[in-house]
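These are my notes from looking through one structure. I wrote down each item as I looked it up.

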Amino acid sequence: MRFMIIVKATKDSEAEVMPIGPAWEPLFAEMAKYHEELQRAGVLLDASGLQPSSKGWRIKYSGGKRTVIDGPFTEAKELVAGYTLIQVKSREEALEWARRFPNPALTEGEIEVRQLYELDDFGPSEAVERFRKLDLA
């Protein structure tokens, strides 16, 4: 089972206030230790921070029409600042790892955990088999 631990954006992360300097060092050390523990346990698949929404865009669909909307996007609390992707044996194991995730901000932070769909969650079909051949999971 794969789960994504999603780090919610803050006003600072959206303003591209870089986490540098002595105040941030303990958080970086704690994050490094946590991710090293995930790696040693063999459950870490990927982890990364995302640049602010001002450097991104959205594609809005309306029927067959696509519209590009450039960032920044206004509601920082609805945006993602980073993620950690893990593969574990159960929801309970994912919850235990998530409970250990360091506070991603120096003050108030928030993470969200979501389970990824697996191809086996869908019924058999030609399209599912095409995805299986991509060998992404």
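This is a predicted model: local features need pLDDT of at least 70, side-chain atom pairs count only at pLDDT 80 or more; totals for chains, interfaces and linings use all residues.

Entry 1. Leaving aside its neighbours within four places in sequence, I found tyrosine 34 in contact with Ile5, Trp97, Ala98, Arg100, Phe101 and Pro102.

Entry 2. Next I checked how helix 2 (residues 25–40) and helix 3 (residues 91–100) pack. Their axes are 10 Å apart, and the packing angle is about 155 degrees. Angles over 145 degrees count as roughly antiparallel, so I noted helix 2 as roughly antiparallel to helix 3. On the helix 2 side, the contact is made by Tyr34, Glu37 and Leu38. Helix 3 brings Trp97, Ala98 and Arg100 to this contact. I sorted the residues of the contact by type and got 4 nonpolar, no polar and 2 charged.

Entry 3. Which residues have the most contacts inside the largest nonpolar core? I listed Tyr34, Leu38, Ile86, Val88, Trp97 and Phe101. This core has 18 residues. I then looked for the elements that give two or more residues to the core, and they are strand 1 (2–8), helix 2, strand 5 (80–87) and helix 3. Helix 2 supplies the largest share, 4 residues.

Entry 4. Last, I looked at the peptide bond that joins glycine 71 and proline 72. This bond is cis, with omega about 10 degrees. I placed proline 72 in the loop between strand 4 (65–70) and strand 5.

Technical notes. Residues are numbered from 1 along each chain as its sequence is written. Side-chain values use heavy atoms; hydrogens and water are left out. Axes are lines fitted to C-alpha atoms, for helices over the stretch in contact, and angles run from 0 to 180 degrees between N-to-C directions. Angles under 35 degrees count as roughly parallel, over 145 as roughly antiparallel, 65 to 115 as roughly perpendicular and the rest as oblique. Contact means heavy atoms within 4.5 Å. Ala, Val, Leu, Ile, Met, Phe, Trp, Tyr, Cys and Pro count as nonpolar, Asp, Glu, Lys and Arg as charged, and the others, Gly among them, as polar. A nonpolar core is a set of buried Ala, Val, Leu, Ile, Met, Phe, Trp, Tyr and Cys residues joined through side-chain atoms within 4.5 Å. Buried means under 20% relative accessible area, exposed over 50%, partly exposed in between (1.4 Å probe, protein chains only).
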